[in-house]
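The points go from conventions and confidence to contacts and single residues.

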Amino acid sequence: MTLLGQFALWAGLLAALWTALVGFSGRWRDRPELAAAVIRGSFAVCAAMIVAALALWKGLLTHDFNIEYVWAYTSRNLPDAYVITAFWAGQKGSLLFWALVLSLFGALAQLVTGKRHERLMPYVAAVTCIVAAFFIGTMLLSANPFDRLPVTPPDGRGLNPQLQNPGMVIHPPMLYLGYISITIPFAFAIAALLSKKLDTGWLHAIRKWTLLSWLFLAIGITLGMWWAYVELGWGGYWAWDPVENASLLPWLTMTAFLHSVMIQEKRGMLKRWNLSLIVVTFLLSIFGTFITRSGVIASVHSFTQSNVGFLFLVFLLSTGAAAFSLLYLRWPALKPDAQLESLASREAAFLFNNLVLVGIAFSVLWGTLFPILSEWVRGVKVTVGPPFFNRVNIPLGLLLLLLTGIGPLIAWRKTSPANLRRQFLWPAGFGLAAAAGLAVAGMRDRYALAALILAAFVLGTVTQEFWRGARARVRMYGEAVPLAVTRLVNRNRRRYGGYLVHVGILVYFVAFAGMAFKVTQEVTLAPGETAEIRSPYGHTYSFTHLGVSQYEALNRIVSAANLEVRRDGGRLGTIKSEKRQHVDSFGEKTFEPSTEVGIRSDLREDIYVVYAGSIGGTERANFAISINPLVWWVWFGGVVLTFGGLLTMWPGGRTMAPRRRRDVQAGFEANLAGPDSDAPLAEVVR
Amino acid sequence: MSDTIGRRGFLAVLGGAVLLPQQDADRLRWPSAPGRARDTVTGAHNSEVIKSIERKLKCTCGCNLDIFTCRTTDFTCTYSPELHKEVVALHDAGRTPEEILDAFVAKYGEQALMAPPPSGFNLAGYLVPSIVVLTAGTILALVLLRRDRVTPVPPAAGPGAEEGDGISSEEQERLDRALAEVAD
């Protein structure tokens, strides 16, 4: 099978290079059959990558330990689910996964994009294929997943225990899907620049792709937080680790793009900015892979490191230079159709939102690279950890939350002071009421206080938007409120889905604020002994050690410590935390013992128990016990955000012909004659 | 002889009955399976002062964690428990938190701190992002304010526009509804 895999890689590389060469040369413009061949080239790359992927999966599932990758990341006693997901556990497999998904997306883009963008598609095929060629070439040059060992070991080394978690089954693919799918909007942007078709057509072609990338990244980041929380055992979900930062960077710039692209669609402005954002987002997705794979920055998430970092750096720099050179060449053709006219306009609010999002991305990038800069300038190594990032980014994050509430309240072009008063009255009231409530409750942490007040303000904004829209329908059609809300959302999924995403974001902020009140205590308990901890809500939790049981499981020896938990004297149940000593199929230890956290979660707080180890090999044990407020809301925020994102990109809803959409780009048109009339009586803005 | 042995045996059984259950009852079947043996938790482990100092100091094991997080998370790390003992020893010797941090910097270098001290070149690390955002924001605001003055634009009727602009209330309702449906 490795021979087939090797052949597929070479075939994929040749097909990708041929497609890219012909696509970029532009000769297809005079020869329709060549244009069709370029597009078919992307299908050929996809077919080759599917074959290569199946070959690797076959090797994994048949425990072909002669394949170095299979030996390095699996063992005979590894559960089947993790044997399958070991595909992306290591660097070589991850690169093949990249190439596979990219080629699938590239082919899919060719299939689902409408005929009216056919002039762009050969260029899109060329760009996706050149990226695919880079990944395939990197595999063939220095990270081949089909490399063989000189002898066949009887068993593999097994999978890192931290990766033997359901979160790692789904989190890396989601994140990779986000990273990889960014290539498609990037390919369309380059295609628009090359073909000089710089109207909003390419934006409409990539709308779903950008949302899809953004959503995959958001889900991937949230799942990564969940994995870190349940698996790493430090009681938190975000540590500003370089790998975490690398996933956040393209998400931030993509979020900025999703806002600024609305200004281009409506007003024909920010064309250069939007193209720059797409290019930067793509480069950041490559940068993320570069810093995690190169070893240039240490990370707890870097499970693999090798010399592919240099190749990524070369690709990153050359792609950036090429893309920005092309942008510079087309600069004159990207003049805005209109100008921003007022500070009190939605365009301005979106611009400030973009500024803060890009500012946060810059500060995260700056902090991530600052140790390298410091060593380069001063020759002194420094550590840039959570205290630095919190100090710099929390104020920016709060500013972003404020703008999330302000943006929807301001009209396009210009808003009158009276309108501003009317729009801000209720949301500001929400915020002030929250402030009063929190002051009475005695909350003093300034950042948590600010986050909760601003979250209330944003919630007020979103509620008001839903309420006014639904009220208009109730008055006009006499619909019941639930029906009015449903139809309101259904008629404009993009807008109201976006509001739900805002709700998801504010829920995240509320949850993040909760961690300011985290309580942690270490205890040593013999069986029967009890420890007490007071939670931030004033509850007294007691933990009684019930003992440690040990047993053998499929690929590990488990030591499970059980604690009986009571809250204010009332029994809540038991919590189990484990130590797992993984062994191979011969019973030999494979990794250092790993920890499985015991978590009891409710809406207010999580009880988080870590069995730290035993005293002298007895049941007398050390525990790290934390009470983590509002953690449940992080995952709920992720669900709301995902639902909002899906709603935004769901097909259907209100549609408008492209020609008509261009006509109303600078404002909107309202029919005042009644619901059944077609006569536009008032064109409101333009 | 046999009597002696018997007596010793009897004593051993008796001793075992009294002592062994206490020693072995909580003895684990695989004593090393839960990992490295732990020390009993002391007051210093839960001291808020010690915790706050340790949260500012990086573990030297190669992880990216602070000493407190590492010693309460990575139970395979042999560095963080020793660094914890160093912190406790300095604290017990009467050193202030600042002096303890300085002692770690003197011993392990500036990278011992979880965040660089905000002085000298490090100030660039803290200030550059904020300066960039503030400068760009100020320029943007000034440009928009200038345009506000030179190009008067009639207020747009966005969602929630003020009533009484020369249209009837029924028209206003229809307008509100239409705008609510079309405006993003």
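1. Helices (H or I, at least four residues) and strands (E, at least two) are DSSP runs that are numbered from the N terminus. A:L630 is not a glycine, and yet it has a positive phi of about 65 degrees. Is A:L630 buried or exposed? A residue is called buried if 20 or more other C-beta atoms lie within 10 Å of its own, exposed if 12 or fewer do, and partly exposed in between, with C-beta atoms placed from the backbone. A:L630 counts as buried because 23 other C-beta atoms lie within 10 Å.

2. Some conventions apply throughout: residues are numbered from 1 along each chain as its sequence is written, while chains are lettered from A and ligands numbered from 1 in the order in which they are written. This is a predicted model, in which local features need pLDDT of at least 70 and side-chain atom pairs count only at pLDDT 80 or more, whereas totals for chains, interfaces and linings use all residues.

3. On confidence, pLDDT is the predictor's confidence in each residue, from 0 to 100. Chain A averages a pLDDT of 88, with 93% of the residues scoring at least 70, and chain B averages 77, with 67% of the residues at that mark of at least 70. Among the elements of chain B, helix 6 (residues 97–108) of chain B has the highest mean pLDDT (95) and helix 1 (residues 2–24) of chain B the lowest (47). For the complex, the predictor gives an ipTM of 0.77 and a pTM of 0.86.

4. Where pLDDT is low, the predicted coordinates should not be read in detail.

5. Chain B has 8 helices and 0 strands, and of its 184 residues 30% count as buried. Its domain assignment, with bounds from an automatic or database domain assignment, gives domain 1 (43–112) and domain 2 (117–150), and the C-alpha centres of these two domains of chain B lie 36 Å apart.

6. How many residues does each chain bring to the contact between chain B and chain A? The contact takes 75 residues from chain B and 91 residues from chain A. Helix 2 (43–46), helix 7 (122–150) and helix 8 (169–182) of chain B are the elements that give two or more residues to the chain B side, and the largest share of that side, 16 residues, comes from helix 7 of chain B.

7. The assignment for chain A lists domain 1 (1–164), domain 2 (166–341), domain 3 (518–633) and domain 4 (656–686). The centres of domain 1 and domain 2 of chain A, taken over C-alpha atoms, are separated by 21 Å. Their contact takes 28 residues from domain 1 of chain A and 31 residues from domain 2 of chain A.

8. Helix 2 (residues 32–61) and helix 5 (residues 91–112) of chain A have axes that come within 8 Å and cross at roughly 145 degrees, the axes being lines fitted to C-alpha atoms, for helices over the stretch in contact, with angles running from 0 to 180 degrees between N-to-C directions. Among the residues that meet are A:F43 and A:M49 in helix 2 of chain A and A:L96 and A:L100 in helix 5 of chain A.

9. A:K196, which is not a glycine, has a positive phi of about 60 degrees. A:K196 lies in the loop between helix 8 (183–195) and helix 9 (201–232) of chain A, and it counts as exposed because it has 10 C-beta neighbours inside 10 Å.

Terms used. Contact = placed C-beta atoms within 7 Å.
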